[in-house]
Amino acid sequence: MNKIYKPKDIDEMLGVLPRAKVAFYPTPLHKLNNISEKYGVNVYIKREDMSGPSSFGGNKVRKIEYIIGEALKDKYDTIITVGGYQSNAAVQLAQYCNLFKIKPIAVLGDTKTEGEPKERKGNLLLNSFLGTELHLIHRDEPKTDFDMNPLWKKVDKKVEEVIKAYEAEGHKVLNVPVGCTDKAGWPSYIEVFKEIEEQMWALGTDVDYIFHANGSAGSLPGLIVGKMLMGSKAKIMSINNRKYGPGEVVGEDDIFNRVKYLFNKFGLECPSDEAIWNEINIDQAYLGNGYGQPTEMGAEAIIEMATQEGLFLDPVYTGKSFSGVLGYIKSGKIPQGSKVVYIHTGGTGGLFIGTDTFHEDLQAHIYKK
Ligand SMILES: *Cc1c(COP(=O)(O)O)cnc(C)c1O
């Protein structure tokens, strides 16, 4: 592979795919002036949280535009997805379903509480506003690791039941995987990489490191392909909010395979396996006890971002991933003067699920204990 892709080449490549494009692009990119000055590293933020179409945007929006693009082409009239009660993906998907007159259904599981939730909070509230047909599956087994919880089997069973019932009534139902990590959406983050490069050039600079929150690995493959196509030197650092390793639902092999899939999809010569593996940099040191479990470093990052820059991070995704940025800077893993782009992937709905779910340090900050 030797052709260096320019932004317009990326646009042309992606332009052939069906896409229900309604969000606001390019999403803004700006410098975090106070944090940059305080830590001696130039930190920029890519505002995927502002992708739209509502004020609760996020990194699922671009993926969804391609998923809906295909769904409309193939004449689906109903979309079902799964996730936790506070799934950001389910909210963003339902927004697009409403825009394109597709019926949104979500089967959501909750590993923390028993019984029906007394109140609709955070993303569950937003889903209720959107009119999503919600099937809430609560745990009745003891609390276990999020991914391994037997609850997810019940969620899958419910999905099958609902699909059967809708199909029996003549509907065409598309089943979108957790996190909207459907292969139709994987190309979307190639565009984010392109926008970051273009926006940094427009600021008269370039980028040394890109940090983002990685979960179901729907965004990372596109970032890697974008980087390789554009011949950029930027190092992509993925701070995990979900455990990877033997027996887990997603892992580094999936990222590798998805990168290869994307090169093949566009009929491009695939780089060597070694070259691809070199681009996969997963760090689980900021995950704490697992998905959705708040961390002290995450609490610190949320407070730092709000008090220095007036911006909001959430405890599940962006607080943890930005704690990774701060950790790398403080430990000197990122040299002084470097140029870092942090991708804000959204998740703002997660701030409104009740302060009792937050880390005690964050509660102490809020209530000045
Ligand atoms: C889903 C999500 C992520 C993780 O993105 P993946 O594509 O699943 O790896 C990160 N941040 C937020 C806010 C999310 O909702």
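A pocket is an open set of points, on a 1 Å grid over the protein atoms alone, where a 1.4 Å probe fits, with protein on both sides within 12 Å along at least five of seven lines; lining residues have an atom within 4 Å of a point. The model is predicted, so local features need pLDDT of at least 70 and side-chain atom pairs pLDDT 80 or more, while totals for chains, interfaces and linings use all residues. Residues are numbered from 1 along each chain as its sequence is written, and side-chain values use heavy atoms, without hydrogens and water.

**View 1. Lining of the second largest pocket.** Ile302, Ile303, Ala306, Leu311, Phe312, Leu313, Leu351, Phe358, Leu362, His365 and Ile366 form this lining. Two or more of its residues come from each of α11 (296-309) and α13 (360-367) (helices are DSSP runs of H or I, at least four residues; strands are runs of E, at least two). The lining has 10 nonpolar residues, 1 polar and no charged.

View 2. A polar side-chain atom of Lys63 is 2.7 Å from a ligand oxygen. The backbone of Ala217 places a polar atom 3.0 Å from an oxygen of the ligand. For Thr345, a side-chain N or O atom lies 2.6 Å from a ligand nitrogen. The protein buries 98% of the 380 Å² that the ligand exposes when taken alone (Shrake-Rupley areas, 1.4 Å probe).

View 3. Lys60, Lys63, Ser216, Ser219 and Thr345 come nearest among the 15 residues. The shell divides into 3 nonpolar, 10 polar and 2 charged residues.

Notes. Nonpolar A, V, L, I, M, F, W, Y, C, P; charged D, E, K, R; others polar. Near = heavy atom within 4 Å. Polar contact = N/O pair within 3.5 Å; in protein donor to acceptor, adjacent residues only side chain to side chain.
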